[in-house]
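Hi,

Here is the structure we talked about handing over. Please load it first; my notes follow below.

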Amino acid sequence: SNEQSQMDIAPFRNIINEMYAKDTSRKIKSALRTRKKSGKYISSGAPFGYQKDPADHNHLVIDSNEQSQMDIAPFRNIINEMYAKDTSRKIKSALRTRKKSGKYISSGAPFGYQKDPADHNHLVIDPNTAPVVEYIYSMAEEGLGLHRIAKRLHDEKVLKPCYYKKEMFGRFIDDEKMYDWDSAYISQVLHSPVYAGHIIYEAKPTVSMKSKKRRYIPFEERAIVPNTHEAIIPQDRWENVQRILYSRSSSFMCDKTDYDNIFKGIVRCADCGRTMLVKVEHR
């Protein structure tokens with residue numbers, strides 16, 4: 001009978017408990033609201049720059065240590081920036097000195113070369129890729145343009161440079177495109193004095209330490225250190241190719257139209273997917 005009576009009053013007990021909880025919550029919120037209105041600080045922690053008054057934890061006082069830090073913050077930023085500029089200047093100066101002394105300090109060797117196992121700042125000819133570089137220069141001497149050189153390399157199934165770095169960049173290589181040479185890269189190979197045995201320094205210097213943008217310097221104005229390693233292409237052949245490239249670029253410039261091409265970068269070849277250029281033939 002006692003259990004039956006307990007079950008009978010259980011719903012009323014739940015209702016009473018819920019009313020008591022709501023009433024208690026209402027009283028707590030009202031008390032907190034009253035303390036806030038009276039100017040009391042009731043949060044557990046103090047905001048930045050303040051601390052709780054030891055005599056009254058509901059009152060805030062300025063933290064003298066934080067205030068001093070806030071006062072010198074602008075000067076600290078200026079000093080840090082000056083230190084960063086000075087460090088950047090010293091690093092650039094050290095790298096420039098090493099380059100002027102004939103050291104090759106880039107992370108990877110250019111196509112056709114490999115780093116000397118005895119001295120990683122010295123280049124030696126790579127017997128696997130150097131013949132490809134010599135072949136590219138031979139085609140340029142024959143009068144072939146960049147696109148025709150790329151097409152011949154593709155037709156003859158000559159592996160492009162990134163294939164030889166497959167162990168490092170394997171996830172970026174598509175085996176179906178391992179013979180698709182880029183004409184821009186062929187232009188770099190033909191213009192680079194590295195293949196004549198020289199090293200370039202300050203080819204694309206950064207604008208400032210705060211920016212990743214680089215300032216472009218034309219090929220003919222770039223400073224070089226001569227005779228730092230064995231050449232794949234003799235100097236006279238390299239200079240002859242430069243004259244051929246210059247003559248071709250000059251003739252191409254004459255063929256440019258006087259109007260702005262609105263389809264530049266939009267129209268692409270249906271076969272290779274590369275952008276197409278405008279060329280005018282005068283008859």
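**What was found**

Strands S3 and S4 form a hairpin, with 2 residues between them. They run antiparallel and are joined by 4 bridges. Tyr113 has Ile125 in S4 as its bridge partner. Strands pair here if DSSP finds at least two bridges between them. Strands (E, at least two residues) and helices (H or I, at least four) are DSSP runs, numbered from the N terminus.

Some ground rules. This is a predicted model: local features need pLDDT of at least 70, side-chain atom pairs count only at pLDDT 80 or more, and totals for chains, interfaces and linings use all residues. Residues are numbered from 1 along each chain as its sequence is written, and side-chain values use heavy atoms, with hydrogens and water left out.

**Aromatic pairs**

The structure holds 4 aromatic pairs. One of them is Phe111 with Trp181, edge-to-face, at 5.9 Å centre to centre and 75 degrees between the planes. Phe111 sits in the loop between H2 (64-100) and S3 (113-116), and Trp181 in the loop between H5 (166-169) and H6 (183-191), so the pair ties together parts that are 70 residues apart in sequence. Cut-offs: rings of Phe, Tyr and Trp (its six-membered ring) pair if their centres lie within 6.5 Å; planes under 30 degrees apart are stacked, over 60 edge-to-face, the rest tilted.

Phe111 is buried at 7% relative accessibility. Trp181 is buried too, at 2%. Buried means under 20% relative accessible area, exposed over 50%, partly exposed in between (1.4 Å probe, protein chains only). Ring pairs also link Phe111, Trp181 and Tyr185 into a cluster.

**Core**

The largest nonpolar core has 30 residues. Ile136, Tyr137, Ile149, Trp181, Leu190 and Tyr195 touch the most other members. H3 (130-141), H4 (146-155), H6 and H7 (235-254) each supply at least two residues. H3 gives the largest share, 7 residues. A core is a set of buried Ala, Val, Leu, Ile, Met, Phe, Trp, Tyr and Cys residues joined through side-chain atoms within 4.5 Å.

**Helix packing**

H4 and H6 pack at about 105 degrees, with axes 9 Å apart. They are therefore roughly perpendicular (65 to 115 degrees; under 35 is roughly parallel, over 145 roughly antiparallel, the rest oblique). Axes are lines fitted to C-alpha atoms, for helices over the stretch in contact; angles run from 0 to 180 degrees between N-to-C directions. Contacts (heavy atoms within 4.5 Å) include Leu146, His147, Ile149, Ala150 and Leu153 in H4, which meet Ser183, Ile186, Ser187 and Leu190 in H6.

Best wishes
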